[in-house]
Amino acid sequence: MQLTVNSTALKNMQKKVFIKSFGCQMNEYDSAKIADLLAMAHGFITTENPDNADLIVLNTCSIREKASEKVFSDLGRLRSLKKKNPNLILAVGGCVSVQEQTNIFQRAPYVNIVFGPQTLHRLPKMYERACKKEKRIIDTSSPQIEKFDYLPPPSQTGPIAYVSIIEGCNKFCSYCIVPYTRGREVSRKMDDIISEVKNLIAKGAKEINLLGQTVNAYYDSTNNSNLSTLIHEIAKMVDIKRIRFTTSHPAEFTDDLFNVFANEPKLVNHIHLPVQSGSNRILKLMRRGYTSEEYQDIITKLRKIRPNIVVSTDFIVGFPTETDEDFAATMDIVQKINFDASFTFIYSPRPNTPAAKMEDNITLSQKKERLSILQNQLGIQTRQHSKNMIGTIQKILVTDHAKKYPDQFSGRTESNRIVNFIGSENILGKIVGVKITEALTNSLRGELYE
Ligand code: 5AD
Ligand code: SF4
C-alpha cells in the first residue's frame, strides 16, 4: 500500500508531455522517439490530456494543405492553455516547422520551440533553454542522420514494432513537399538497425515494420546491403515472425526484392505500392519515373510469386491538366489491378514544388466528382476482397484485447487487417489461426481455429 501511495505521488510530481502526431507512420515513429528522449533526459511521462501537460509537442505533417492548416487551428486552441499555465512549453516539430520556419512564431507568438524531423534529438536541450525563459527557439536544420546516434533504446513494448531505416526522399515527385521538409535520402547503417531490432525483441516484438519514404531505396555502402539483405538478416532472428516494409516506390523495385518475396516466408503477403495515376501523361508530369504498364508488370510478377499477395496503393486525382481521358486511364488501372485497399487524395498544391507552378485548371467540383467515382470503385473492390476472406483461415498476430469487447482479442492479418475474436490470455503476442466469419467496414470478425 505504502508503495502505491509513493508511486502515485511520484507520478504526480513527474513532468508530463502531451504529444500529438499528424500524418504518416514515420511521424508516429518520430513521436515515439521524442517521448523516449524526453523520458531519458528529463524524466517526462506521456499524458493523453493536454490540460495537465508541462510540455505540448505537435509533430506536424505538411503533405497536403489541409494537414498544414490543421496545425494552426490546433495552435489557436492551445493558446488558452498557455494563458492558464504560463509555464507550459509549446513545441512544434515535423514537416510544417521546416516549411513555415519563423512564420510559426509570427502566426502563434506563444510557441516556444520550433524543431524539424531531423533535429528532434535536440528537443531536450531546446526545452531546457525554453525553461530558462529563452524565447522563439528554432532549429529545423538537416544534419546528416545525426539524430539516430542520439536516440535512446526504444521503450516501446508489444508484438508490432516500427524501425525507420531510411530518412528523406530524393525522388522529387513534382507535387510532393517531402524532399524539401524531410531532406535528402539517407540510409541508416545496417548494424544500427539490427541492434535496434534486437532491443525491440527484448521488449516483445514479433513483427518488424521497416519504414522509409522510399524504403526500397535503402542502401548501406559500408557493407553493400540493400532492403533485401536487411530483410534476410532480420529474418534470421528466430523471435521475429513477420517482416513488412512501407512505403516502396515502383521505380526502385529490383530483381532481388522479387526474390525476397519468393524466398523469405517471414516477409508478409502484402505490398503497399503507390501508383498515383493510371495515365502515362500524368505520371510523367508527376515525375514518377514509371509508366502504367511498368507498374502493372510489377504486380503481375509479384502475383506469379505470391498468388494471394494483398496489394494496396495511393492515388492522387485532379493533378493539373488531368483530362477525362487521363482519369479514365486511372479507372482502367483500378479495374486491371483490382486493389485490396487504397488511400485516395485530391491534389493539393504545395509551396515551391514544380507542380504548384502549373495551372491548377481542374475545378474543385470536378476533382470531388473524380474522387468520389474512384473511391466508389475502390470501395467495391475492397469489400469484395473482404468478403472473399470469409471462411478462410488467417494467421493473426494477437496484439491486444479488443477495444469494445473485453472478452475478445484483437490482432492483425498479414495484410494488416484488424480481426476481433474470442480467445484466452495466453495467446497475446502469438500468431494463431483464425477462421474469418464476418467482414465489417473497418475490421473482420473470426473464430479461433486450432
Ligand atoms: N497532394 C495530394 N496528395 C499528395 N500526396 C503527396 N503529396 C500530395 C499532394 N501534394 C499523397 C501521395 C502519397 C501520399 C503519402 O500522399 O498519394 O503517396
Ligand atoms: Fe514524395 Fe515522391 Fe518521395 Fe513519395 S517518392 S515521398 S511522393 S517525392
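Predicted model: local features only at pLDDT ≥ 70, side-chain atom pairs only at ≥ 80, totals over all residues.

Visitor: Now ligand 1: how much of what it exposes when taken alone does the protein bury?

Guide: Let's begin with its polar contacts. A polar side-chain atom of Arg64 lies 3.0 Å from an oxygen atom of ligand 1, and a side-chain N or O atom of Asp314 is 2.7 Å from an oxygen atom of the ligand. On the backbone side, a polar atom of Ser348 sits 2.8 Å from a nitrogen atom of ligand 1. Taken alone, ligand 1 exposes 400 Å², and the share of that buried by the protein is 86%.

Visitor: Which strands each supply at least two residues of the shell around ligand 1?

Guide: The residues surrounding ligand 1 include Asp314, Ile316, Phe345 and Ile346. Look for them in strands spanning 310–317 and 341–346. The strands you want are β15 and β16.

Visitor: Why is His385 called buried?

Guide: His385 has its place in helix α14, residues 364–389. Its side chain reaches the backbone oxygen of Phe339 at 3.4 Å, and beyond its neighbours within four places in sequence His385 is in contact with Asn338, Phe339 and Asp340. A residue is called buried when its relative accessible area is under 20%. His385 qualifies because its relative accessible area is 19%.

Visitor: In which sense, parallel or antiparallel, do β7 and β10 pair?

Guide: Strand β7 covers residues 160–164, and four of its five residues are buried. Ile160 stands opposite Glu207 in β10. Over five bridges, the pairing of β7 with β10 is parallel.

Visitor: And β17: through how many residues does a hairpin join it to β18?

Guide: Strand β17 (residues 393–401) pairs with β20 in the antiparallel sense over five bridges, with Gln394 opposite Val434. β17 also pairs with β18 (residues 408–412), again antiparallel, over four bridges. In that pairing, Val398 has Gly411 as its bridge partner. The hairpin from β17 to β18 runs through six residues.

Terms used
Residues numbered from 1 in each chain as written. Chains lettered and ligands numbered in written order. Heavy atoms only, no water. Buried < 20%, exposed > 50% of the residue type's maximum accessible area, 1.4 Å probe, protein only. Pairing = 2+ DSSP bridges. Polar contact = N/O pair within 3.5 Å; in protein donor to acceptor, adjacent residues only side chain to side chain. Contact = heavy atoms within 4.5 Å. Near = heavy atom within 4 Å. Areas by Shrake-Rupley, 256 points an atom, 1.4 Å probe, with all protein chains shown as cover.
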